[in-house]
Amino acid sequence: MSAVLILPGLFGSGEGHWQQHWLQDQPGSLCVAQDDWAHPDLDSWLARLEGVLEEAGEAYLVAHSLGCLLAARLAGRSVARRVKGALLVAPCDLPATDILHPGHISFGGMPTAPLPFPSIVIGSMNDAYMAVDRLTLFGRLWKAETRNIGLAGHINIASGFGRWRSGYQLLDALKMRAGDRRRNVFARPAFAL
């Protein structure tokens with residue numbers, strides 16, 4: 001069974017957050033922590049994620065907010081081959097996040113490279129951290145399936161998302177999609193030469 005790596009957002013995913021429930025509910029899940037959730041360091045967090053991926057062999061990523069941008073930073077890196085798929089929930093837009101939390105993050109620009117693994121981006125119509133037009137733009141740039149789940153805020157505790165059971169269905173859909181992709185890559189030709 002492949003590991004499920006949980007990538008929280010700015011300030012981490014506190015008690016009661018759906019990611020905390022997933023850590024308990026999903027066998028083989030692990031939170032990829034960092035040293036300072038209030039002032040995340042991209043380089044050290046990315047290095048830690050790469051190390052965990054190398055150790056895991058293959059894994060699914062389940063990211064929230066700033067964790068989505070960490071996952072997107074894997075594009076173009078050799079360790080991305082170890083990612084079976086990524087569920088990117090309520091990605092944050094760096095300019096909007098810097099306005100809401102000035103001085104807390106230094107992640108450079110928004111990642112724009114296509115993701116080399118199956119991905120589903122989940123967002124909402126009223127997320128203060130990323131406007132819906134930007135959600136659509138980055139979903140397209142990342143070559144990810146994008147789903148807008150309506151008026152759901154930042155899909156966190158403040159917007160009513162504690163134990164998010166319907167999120168498990170999204171992860172299952174991602175796993176099916178990743179499995180289909182691998183079967184197609186390794187399928188025998190339909191005809192012989």
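Author: A polar contact is a pair of N or O atoms within 3.5 Å; within protein, one atom must be able to donate a hydrogen and the other to accept it, and residues adjacent in sequence count only if both atoms are side-chain atoms. This is a predicted model, in which local features need pLDDT of at least 70 and side-chain atom pairs count only at pLDDT 80 or more, while totals for chains, interfaces and linings use all residues. Residues are numbered from 1 along each chain as its sequence is written, and side-chain values use heavy atoms, with hydrogens and water left out.

Reader: Which backbone oxygen does the side chain of Ser-119 reach?

Author: Ser-119 lies in strand S5, residues 119-123 (strands are DSSP runs of E, at least two residues, and helices runs of H or I, at least four, numbered from the N terminus). At a distance of 3.1 Å, its side chain reaches the backbone oxygen of Phe-117.

Reader: Is Ser-119 buried or exposed?

Author: Buried means under 20% relative accessible area, exposed over 50%, and partly exposed in between, with a 1.4 Å probe and protein chains only. Because the relative accessible area of Ser-119 is 0%, this residue is buried.

Reader: What parts does the pair of Trp-18 and Trp-164 tie together, and how many residues apart in sequence are they?

Author: Rings of Phe, Tyr and Trp (its six-membered ring) pair if their centres lie within 6.5 Å, and planes under 30 degrees apart count as stacked, over 60 as edge-to-face and the rest as tilted. Trp-18 and Trp-164 form an edge-to-face pair, 5.0 Å centre to centre with 70° between the planes. Trp-18 lies in helix H1 (residues 18-25) and Trp-164 in the loop between strand S6 (145-148) and helix H6 (165-186), so the pair ties together parts whose separation in sequence is 146 residues.
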